[in-house]
Amino acid sequence: MRLRVLGVLDVQRMTGQAVDPGGPRLQIVLACLLLDCPATVSTERLIDAVWPDAPPATARSQIQICVSHLRQRLGTAVARIVTRRAGYALEPGAAELDRLEFERAVDRARELVRAGRSSEAVTVLRGSLALWRGPVVLPEITSPAVRDRAVVLEESRAVVIEELAALMLANGRHSELVPLLSREILDYPLREQMRSQLMLALFGAGRQADALREYRRARDVSIAELGIEPAEPLRSLEAAILRGDSSLLQGPSPAASAPAMLPAGVGDFTGREAAVRRMLGVIRSSTRGRSAAAVLVLSGHGGVGKSALALHLAHRTADRFPDGCFYASIGSDPAGTDRALERFLRALGTPPQLIPESSDERHAAFHERIAGRSVLIVVDDATVESQLLPLVPPGPGSALIVTSRRRLTALPGATRFEVGAFAPAESMALLERILGCERIGADPEAARTLARFCGHLPLAVRIAAARLAARPHWTLRAMCSRLADDSMQLDELQHGDMAVRGSLLLTYESLAPEARRLLRLLALLDTPRTGGWVCAVLLSCDGRTAERHLDELVELHLLEIVEVGSDDPLSGQFRLHELVRLFARERAMVEETPSGRVEAITRVVRAFLRLVEQTHVHEYGGDLLLRSDGLPGDGPRPGADRRAADRLPVEPLAWLRRERAALVATVSQASALGLHTECWSLAVTAVVLFEAYGFYDEWRSTHLTALSAVVRAGDHRGEAAVRYSLGSLELFEQRYGRARVDLDRAAELFTDLADEYGRALVDRNLAILDRLTGDFDRSCQRSRAALVVLRSHGDRSGAAHVLANLAQLAMDTGRVDEALAVIEDAARAVEDLPNRRLAAQITHRRGLVHLRRGEGETAEALFDRVLTFARAVDDRSAALHGMVGLGEALELRGDPVAARRSFEQAAVLAESLGEKRMRAHALLAIGRLDLGLGDRAAAAAAAVQALDVIEGAGLTLLEDQCRAALAVARGDAPGGAAGRTRPPA
């Protein structure tokens, strides 16, 4: 079979019979496979090629279908498409693929040149160009991904033409070269290298006037297309031809004799496809109208594969730079640049005795030698911009690729790329390349776990795979078990000369002493992500100093930016890569004293508590929820750092939401350190966040951690506070049996402590529980007793909560006018408090009262206010109650369509929040609307669904309402009041 891409796509059997590749999608997929054959093309890349803008949800399965169709069209020929873990590959077998034939011929020609057999090389190069059916690869396929790859091939054709011309000029074959270049220059009118070769060929053939005419054509094109004169080398060549300079006929050195200093690339290079495409685009621009060389800076911390990526890119593009490829690794050596320039000048043929001694003269000599030439320079492991300035090529048509652990943002004209850890699929692909498909396929889950233990750091993944490759008797799971122990992980991640610890140590040692200390202390925190404000607390320094050391860690990629902050850089969020964390903890164990480690963590715990306390005050006003002796609200925490508190943002609740994961982790770390008072105080105070956003899982986990801490310490006051808060959570979640157990125990503890205020708070919640389970008398008694205590302590927020419950009790027992008076009293109690959430709750209860009074318009306005608050602060619980209330008001006002829409939205939101009671109310309301339309079956189904939702929740009254609604829907009871639920409390 013949497969041809050097021109239009053409597939033929060896008999000459054409094979139809299919429609546009099939052609794009086949083109991708042929252009990268025999390498694997990822499914994601194929999707991007077929649908560059918006791939459909079924894109992956459609690619599978395309591949299946292509297999059928290719038949059982030797060329076959195979499925690999990351995607697909075309294995050519004995098939003839013109791209591979071209590349093999070019490689052979270059070998012949190096062996001094240039005449044979000319023949081979001419044969390689004969494989092309025009200068454009696959002109009929417009997919951007295909075009990107095609342009690289097209560029390699132009480079080969120039190499062929250089050989023929060196061998004096001027007349033979003229017709070849005269044809080709029409396709490459801006390639000044090719133009100069045509001028030399014409001059050597005795056609001086034609050579000068060719220069004028070049000048016209350059001015018309680029608006600039031709480059200096072409202008100098015109002047030499005008003088009739016979030395021109000696010809330039063959292109293959140019310096070729690149080290070998990584044979199993994997991943980075999107980054490579972007970088190739930058390098392509180096020969297209740029006024300066292309400069790429690849930055990232040790082990992410910067060097491998740079060399892969260099080898992919080396053909673009016929005048040489240079390489140097300079590190932090002050003389590194000088030594690199010396090596480069030697490679260019400068005798050692003529290489200047001074840095400036070496710089000038190197630039003079490469001026007007097209060269590629790779500089590995640079540390500062000043090292690089002498190595930047002086003009367009060249490129500099730099790798550095720092970002090097001050390098003029540079395009920067940050190289991070692998994506999971890339880690799996590298494991497969090293260990083989069979070994990975035998236990893919273990392979994924192994990659995760390696933090998807390319160096770590490569080391783990290399160790397994050297030990075929080890299973993947055996390696995973060795990496599972954090204390041994860095010991396991070394093999031969490769070591993650050694790679990170180089970066660590380049840090300033205080930046090193900050890294060590940050690693001691168990938080998955860290707010920048923590840095000042850890170092006990001012914000400006902390910011300077933080910046150094970020610049060296030891801290990853998770979220950019506001105007204050310390308000951002940062993360340590897990292997960096392990390394830094090792250093902390060696370089920090045990007491110093504990003191640093304690400072963060106490500063965090102070900030959360201030958030609570900001949201609720006055003192904290629990103000008894020794509880939160009694003043600053011992050792709390005021510098952290001064950084509280304008919207503290939104700030605390960003710190949520760190908050949960800090509660656990406080418990582990035996800071039981800080542990329970932080957990209970953080309810301001958990309640506002419905973070019930975090509410529960922090409180169970705190409960264990206070029980272990024998702290009865802490246990009382935690059980009170847990009971509140269980009340929210409608776990009424569990709530009563915890609230009763909290009441007992507060009574034993003679804490009437704490007992009043518990009674307030027990009263709500009594009402929800139908014990109205007991609820009223508790509420009135709690109200007296809360008012005596000046707790207007707590009193307003009690008044709202009393208003609902009045409604439940038919005393609507009394309910209105009580709820208005509650509204007055909170009108000048900053507790917006409580104000919204009171507004919601006022809406319910007006609903019961039949005042739908007033109720609608009140529920709209609740929804406005909910949207402003993203309070989904408030939004849910507002939606149900608004639906009731719209129904009352005679707008069933809008009412249904509000109820349906509420039902969906309630399900996502796990709000069984509110979901049941919404479903009953929808059923009521169905009944109004005469659809008894739908109404009955809604009532049954509502019953299923609240089954076993202990909601006796609501269960009765569901059964009554079901009876009405089935015709077993009259409609009206029995078929209508109360608005939700």
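**View 1. Phenylalanine 326, a buried ring.** Phenylalanine 326 counts as buried, because its relative accessibility is 0% and the cut-off for buried is under 20%. The model shown here is predicted. Phenylalanine 344 is also buried, at 0% relative accessibility.

**View 2. Phenylalanine 326 and phenylalanine 344, an aromatic pair.** A pair of aromatic rings is described by the distance of the centres and the angle of the planes. In this model the count comes to 12 aromatic pairs. One of them joins phenylalanine 326 and phenylalanine 344. Their centres are 5.0 Å apart, with 55° between the planes, and the pair is tilted. Phenylalanine 326 belongs to strand β8 (residues 325-329), and phenylalanine 344 belongs to helix α13 (residues 336-347), so the pair ties together parts that are 18 residues apart in sequence.

**View 3. Tyrosine 693 and phenylalanine 695, both buried.** Tyrosine 693 has a relative accessible area of 7%, so this residue is buried. Phenylalanine 695 counts as buried too, at 9% relative accessibility. Tyrosine 693 and phenylalanine 695 form a stacked aromatic pair. The distance is 5.6 Å centre to centre, and the angle between the planes is 25°.

**View 4. Arginine 516 over a ring.** Here the ring belongs to tyrosine 508. Arginine 516 lies over its face, 5.5 Å from the ring centre.

Terms used. Residues numbered from 1 in each chain as written. Predicted model: local features only at pLDDT ≥ 70, side-chain atom pairs only at ≥ 80, totals over all residues. Heavy atoms only, no water. Phe/Tyr/Trp six-rings, centres within 6.5 Å; stacked < 30°, edge-to-face > 60°. Helix = DSSP H or I, 4+ residues; strand = E, 2+ residues; numbered from the N terminus. Buried < 20%, exposed > 50% of the residue type's maximum accessible area, 1.4 Å probe, protein only. Lys NZ or Arg CZ within 6 Å of the ring centre and 35° of its normal.
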